[in-house]
Amino acid sequence: MHIQMFINGKWIDAEKQQTRSIINPFNQEEIATAAEGSKADAAWAIKAARKAFDEGNWSQMPASERGEMVRLVGQKIKDEREELARLETLDTGKTIEESLGDMDDIANVFFYFAGLADKDGGEVIESPIPDSTSKVVREPIGVCAQITPWNYPLLQAAWKLAPALAAGNTLVIKPSEITPLTTAKVFEFFEEVGFPEGVVNLVLGTGAEVGSELAESHDVDLVSFTGGIETGKKIMQVASGNVKKIALELGGKNPNIVFADADFETAVDQALNAVFFHAGQVCSAGSRLLVEESIHDVFVEKLIARAKRIKLGNGFDEATESGPLISAEHREKVENYIQIGLDEGATLAVGGKRPENDELQNGFFLEPTIFTNCTNEMRIVQEEVFGPVLTVETFSTKEDAIAKANDTIYGLAGAVFSSDIDKAEDVASKLRMGTVWINDFHPYFAQAPWGGYKQSGFGRELGKIGLEEYTEVKHVFRNKNPQPVNWFQS
Ligand code: NAD
């Protein structure tokens, strides 16, 4: 399989003919080669998107027609969900069941934004000036650059593609250089549905080369980025050149607060899923468990027993519950954090090493890992590890739980488990996070906004606000009886 870029309505290789090998993280086999673009390729894609936007064929198309084209892409994703899921599992190692779930969510994101495309007809406002009218309308922003990570390749792309298009923008997207397969496949659907030339463009390559060109270009009006905090900071800096709009979905270090009055089995099961789902490579992973002192020992004992039983394996094997990490470099980064945890004096209760089974030796596997006796000062508690590593702390009171949960630079998501709903609602209202779950962990859907407080970023994806992020607001005032003003007398 060879993956090309899609620029100005054509499939092309990189100008410099460079390619990259795409690796299956389960066995390190090459699954595809991909064009490896350069700044020049990115610049060409931006030019195509700029021209398409300025010509107005897409932005001025009736919104209902645009919505219909976005819907047709969603339908193709739904029809091809098995093939897309197969590609996603090959590329990321995640289980096929998870990939299939992702594809259903992705189709729904396209359907949701397709439906919103023609729903905001603007607003007539009461003008205080006699003989005048005043209206407020939303218009597309222009050329959008979109940069996505490797953990949810197509899901993260869908959160950006569908609203940008429904709002009438043109775009250039750059998926992570290590997971381009599904995003490229969806560009086949854009082509089949008949999107006008230059409206949607796909560039492939590294962040340093292609990504930085997208963030810097003065022909780009908005850059929407999902990825790590350090990359986000760089993007903010270079995006300032033309004061382009920025949306950042960055990392998280998400607290999961379990009170003693929570349903025990549910809370244990959810705590396990919160952190170990997709090998912990989830921005909203519940990687910081805060458990009430009185149940700590029994809770952790049960959690450890269950963590030991998690079945690692090939994502295509039905028995597999968790796949490998994405790459050798990423596994080393996570292993480095495990060493940091040990050096800081946390107690390694389970895991912390590569599995010994023969059939897992070629994959980037790491055992589910739990550190107990953690404190908020530890780096292992404060920094995003992005792997199957849980830290456990205790709390004594509700106030203590809230203070510890909020003691982080991040603010993406958090959860509270309790049978006392008033208490849980009170905690939810005091957590400084973009999403708070009560007696659950992880649910997200197209209708509800997603995004972070504090250094988890700004801007929101999904929900009505996810469409608004891709619009400018214009006030149009009309004088129905124009007269000279006569301010200046001569
Ligand atoms: P990353 O920051 O390394 O890369 C993300 C994307 O940015 C990739 O496409 C990469 O090529 C590109 N990039 C890298 N350097 C760049 C630069 N200088 N200029 C422009 N683009 C550049 O992140 P990753 O390792 O791919 O993904 C993991 C991170 O993503 C984690 O921190 C995770 O929390 C975060 N994430 C956040 C959310 C969210 O919704 N908040 C969702 C998924 C992932």
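This report describes how the protein surrounds its ligand.

The model is predicted: local features need pLDDT of at least 70, side-chain atom pairs count only at pLDDT 80 or more, and totals for chains, interfaces and linings use all residues. Residues are numbered from 1 along each chain as its sequence is written, and side-chain values use heavy atoms, without hydrogens and water.

The ligand is surrounded by 28 residues (a heavy atom within 4 Å). Thr148, Glu177, Thr231, Leu250 and Glu384 are the closest. The shell holds 11 nonpolar, 12 polar and five charged residues; Gly counts as polar.

Domain 1 (2-250 + 456-476) and domain 2 (255-438) both give residues to this shell, so the ligand lies between them. The domain bounds come from an automatic or database assignment. Helix H7 (207-216), strand S11 (222-226) and helix H8 (229-239) each supply at least two shell residues. Helices (H or I, at least four residues) and strands (E, at least two) are DSSP runs, numbered from the N terminus.

| Residue | Protein atom | Distance |
|---|---|---|
| Lys174 | polar side-chain atom | 2.8 Å |
| Gly207 | backbone N or O | 3.3 Å |
| Gly228 | backbone N or O | 2.8 Å |

The protein covers 87% of the 850 Å² of accessible area that the ligand has on its own (Shrake-Rupley method, 1.4 Å probe).

Conventions:
Polar contact = N/O pair within 3.5 Å; in protein donor to acceptor, adjacent residues only side chain to side chain.
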